[in-house]
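Take a walk through this predicted model. Keep the sequence and the 3D view side by side.

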Amino acid sequence: MTAIEAKTGEQIWRTGAYVVRESIGLAEDQTRFYVRAMNDFFYAFATSGPQPEKIWELNAGFGYDINSAMLVEKNGTVFYGTKNGLLFALDGKAGTIKWQHKLGVGVMNTVVPLSAFASARDRF
């Protein structure tokens, strides 16, 4: 995982400590960014600092996932859909699962949430 200065393109830091793919998202307040590892884990990191600062990690148990969908935050809830059709809603600050729901069996594209839901029951 590599952080790059947007204005200059220079590398700020680089680490091989996390096996992440292209799935990444930015918090609405831009103080955190979220990534999904290839096996089971979500992470949140601070957007500032000369080294990666992990804020939280969550073993969500989704298994091996190669979906390139982005993690999207809406009103403090982070949404991500897996390659197997499982939609997660995470608390962006606490790093906990608010709810999860199986929507199908195929790859989910990046979701565009209209609001953050209190529970899975409120979605439909």
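Strands here are DSSP runs of E, at least two residues long, and they are numbered from the N terminus. With that naming in hand, look for the loop between β6 and β7 (72–74), where N67 is found.

Is N67 buried or exposed? N67 has a relative accessible area of 6%. Buried means under 20%, so N67 counts as buried. The side chain of N67 has a polar atom 3.4 Å from the backbone nitrogen of A69. Now set aside the neighbours within four places in sequence. N67 is then in contact with E22, S23, R36, Y80, G81, T82, K83, V107 and M108.

Stay in the loop between β6 and β7, because M70 lies there as well. M70 has a relative accessible area of 46%. Not counting residues up to four places away in sequence, M70 touches I24, F79, Y80 and T110. E5 sits 65 residues from M70 along the chain, and the C-alpha atoms of the two are separated by 20 Å.

Next, turn to the nonpolar cores. The largest has 15 residues. Which of them touch the most other members? They are Y34, F42, W56, F88 and L90. Four strands each supply at least two residues of this core: β5 (39–46), β6 (54–64), β8 (77–81) and β9 (86–91). β6 gives the most, with four residues.

Leave aside its neighbours within four places in sequence, and F42 is in contact with V35, R36, W56, E57, L58, A60, F62, L71, Y80, F88 and L90.

Finish with the largest pocket. Its volume is about 320 Å³. The lining has 21 residues, and T2, A3, I4, W13 and F33 lie nearest the centre of the pocket. Which elements give two or more residues to this lining? They are β1 (2–4), β2 (11–14), β3 (20–26) and β4 (32–37). The largest share, four residues, comes from β3. By type, the lining residues divide into twelve nonpolar, five polar and four charged.

Notes:
Residues are numbered from 1 along each chain as its sequence is written. This is a predicted model: local features need pLDDT of at least 70, side-chain atom pairs count only at pLDDT 80 or more; totals for chains, interfaces and linings use all residues. Side-chain values use heavy atoms; hydrogens and water are left out. A nonpolar core is a set of buried Ala, Val, Leu, Ile, Met, Phe, Trp, Tyr and Cys residues joined through side-chain atoms within 4.5 Å. Buried means under 20% relative accessible area, exposed over 50%, partly exposed in between (1.4 Å probe, protein chains only). Contact means heavy atoms within 4.5 Å. A polar contact is a pair of N or O atoms within 3.5 Å; within protein, one must be able to donate a hydrogen and the other to accept it, and residues adjacent in sequence count only if both atoms are side-chain atoms. On a 1 Å grid over the protein atoms alone, a cavity is a set of points where a 1.4 Å probe fits but cannot get out, and a pocket is an open set with protein on both sides within 12 Å along at least five of seven lines; lining residues have an atom within 4 Å of a point. Grid points are joined across faces, edges and corners, and a volume is the space filled by probe spheres set on the points. Ala, Val, Leu, Ile, Met, Phe, Trp, Tyr, Cys and Pro count as nonpolar, Asp, Glu, Lys and Arg as charged, and the others, Gly among them, as polar.
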